[in-house]
Amino acid sequence: MSDAEESPTFEPAAPNTGDEFEPVDVFPDSDDFDLRPGADSCYKCSTCDTNCPVAEVDDDFPGPKFQGPEQWRLKQTDDDYTVDDSIMSCSNCMRCDNACPSGVPLSQMHNTARGEYVSEQMDTLSVEYVRNRILANYRTSAFLASKVPRLANVAMNFGPARWLMEKTLGVTRERDFPEFATQTFREWWADRGGADASRRNARERRERRGEPTDGEKKVAYFHGCYSNYNTPEVGKAMVRVYEHFGYEVVAPEQRCSGTPMFANGMLADARRHAEVNVSSMSDLVEEGYDAVASCTSCSMALRQEYPELFDIDGIEEVAANTFEALEYLRINEDLTGAVREAEVSGDLAREFAYHAPCHARNQGLDRQAVELFRDLEGAGIEDVGESCSGISGTYGWKEEKYEKSMEIGEEMFEHMAHAEGEVGMTECPTCAMQMEHGSGYEIRHPLELLEAALVE
Ligand code: SF4
Ligand code: SF4
């Protein structure tokens with residue numbers, strides 16, 4: 001039984017029906033996990049349905065209004081009601097959360113319903129369950145592949161093996177598997193001297209900036225799986241940029257943020273990983289660290305999905321002190337001023353076609369990279385629009401979803417083709433995969449451009 005079912009009920013928040021959208025505090029107390037009263041805030045405007053990228057391309061998907069408030073109402077009136085299997089077609093892009101003018105906690109409802117469907121109704125011996133479990137536990141595959149990265153890179157993209165994976169597991173062979181780095185971020189971090197080296201670098205930098213060397217500038221880096229195993233250059237850029245501003249960085253023990261597990265209804269797996277993450281991050285938060293993530297889905301998980309779905313000691317403190325990497329520097333430093341005075345040359349002196357991930361949009365971060373880099377000398381940036389990239393983590397890796405995923409991404413691909421730049425930029429690793437797949441462009445992370453602009 002999930003946490004959601006065990007908790008007491010609570011009064012629903014008043015719907016926000018004013019002209020100006022103000023988020024409604026539907027869950028004033030995180031101990032209250034029974035979602036059914038949240039359904040009462042829905043006034044059936046269908047805005048969520050018209051903003052759902054999956055409903056737009058999949059006629060069999062009934063949309064977020066049904067998946068959320070309507071199913072919860074049905075559960076309220078019929079104790080024998082079972083979750084509709086279409087919940088597995090929701091990609092967990094969370095765009096419906098943002099769209100709802102009444103603050104209905106749609107993605108929380110979807111995540112909880114999906115968890116219930118998987119644990120109570122899904123056949124754990126089915127191919128779909130096995131495939132989803134493998135995709136959701138990407139960290140395990142990546143950990144194993146990182147032990148033999150060169151071999152894994154050849155094997156994972158070997159044609160007959162891909163054909164077999166599609167036929168037996170339903171993992172599309174249309175996409176190239178991302179490359180595994182020959183040195184993970186954590187290996188680089190340890191070779192470089194770990195937290196001690198970062199402390200020395202940050203203090204030196206603070207001295208040069210004329211700031212107190214015993215200051216409280218310290219962050220705990222949540223690098224996530226992808227920056228660790230596939231794109232350590234993003235993690236390195238994060239460390240160097242933060243040290244440039246005088247921050248001492250630590251890279252605590254961590255597991256997957258849980259994002260692919262939520263999307264596949266693997267809540268028990270997600271909880272196990274969340275317990276490790278919350279435990280190490282909450283100890284650091286108590287010591288005055290803030291948690292900073294370079295992936296917008298990871299920051300989303302720590303700050304929103306964890307407290308919505310789990311009741312773990314310290315979870316509220318971690319959620320309240322988690323930030324996305326650029327967001328944190330924008331809040332605490334004159335990042336805009338520093339970028340305005342900088343000039344980028346070399347490899348990253350380019351025009352970028354920027355896509356804001358849906359999960360960045362949910363955190364109000366969708367414009368920050370464009371606003372930040374538009375004043376940067378030597379580089380240009382253009383927003384390629386508001387559409388979803390379509391891959392949504394593991395969704396676009398499923399054979400039966402691949403075509404739909406590409407159809408959702410079509411608008412973004414078209415905007416990329418019309419943008420001046422031929423290099424893409426985004427904060428989300430799977431959006432980057434989709435951008436690269438649909439456009440053929442190389443894709444970079446905003447932290448890499450920031451490093452090129454600011455760090456000597
Ligand atoms: S999370 Fe995304 S795919 Fe799922 S119902 Fe909401 S908008 Fe649709
Ligand atoms: S947008 Fe919100 S209020 Fe409107 S139908 Fe969807 S859940 Fe209900």
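Modeller: A nonpolar core, as the term is used here, is a set of buried Ala, Val, Leu, Ile, Met, Phe, Trp, Tyr and Cys residues that are joined through C-beta atoms within 7 Å. Please keep in mind that this is a predicted model. In it, the largest nonpolar core has 97 residues, and those with the most contacts inside this core are Y221, M238, A291, V292, L302 and Y306. In soluble globular proteins, nonpolar side chains tend to be buried together.

The sheet you ask about is open and has four strands, paired in parallel and ordered β2-β1-β3-β4. Its edges are formed by β2 (248–250) and β4 (322–324), each of which pairs on one side only. On average, and with direction ignored, neighbouring strands of this sheet are turned by 35 degrees against each other. Strand β3 (residues 290–293) is joined to β4 by three bridges, the two strands running parallel, and here V292 stands opposite F323 of β4. Helix α17 (residues 296–309) packs on the sheet, where it touches β1 (218–222), β3 and β4, and the direction of this helix makes about 160 degrees with that of β4.

Y306, when residues up to four places away in sequence are not counted, touches A274, V278, A301, I315 and A319. M300 has its place in helix α17, and this residue counts as buried because 27 other C-beta atoms lie within 10 Å, where 20 or more are required. Leaving aside neighbours within four places in sequence, M300 is in contact with E305, H359, N362 and Q363.

As for the rest of the model, another core lies apart from the largest one and has 22 residues, among them C42, A55, W72 and M94. To give one distance, M300 and D40 are 25 Å apart in space, C-alpha to C-alpha, and 260 residues apart in sequence.

There is also ligand 1, which has 14 residues around it, and of these C52, P64, C90, C93 and C96 come nearest. By class, the shell around ligand 1 has eight nonpolar, five polar and one charged residues. Helices α4 (64–77), α5 (95–99) and α6 (106–120) each supply at least two residues of that shell, and α6 gives the most, with three residues.

Key: Residues numbered from 1 in each chain as written. Chains lettered and ligands numbered in written order. Predicted model: local features only at pLDDT ≥ 70, side-chain atom pairs only at ≥ 80, totals over all residues. Pairing = 2+ DSSP bridges. Axes fitted to C-alpha atoms, helices over the stretch in contact; angles between N-to-C directions. Contact = placed C-beta atoms within 7 Å. Near = placed C-beta within 6 Å. Nonpolar A, V, L, I, M, F, W, Y, C, P; charged D, E, K, R; others polar. Buried ≥ 20, exposed ≤ 12 C-beta atoms within 10 Å, placed from the backbone.
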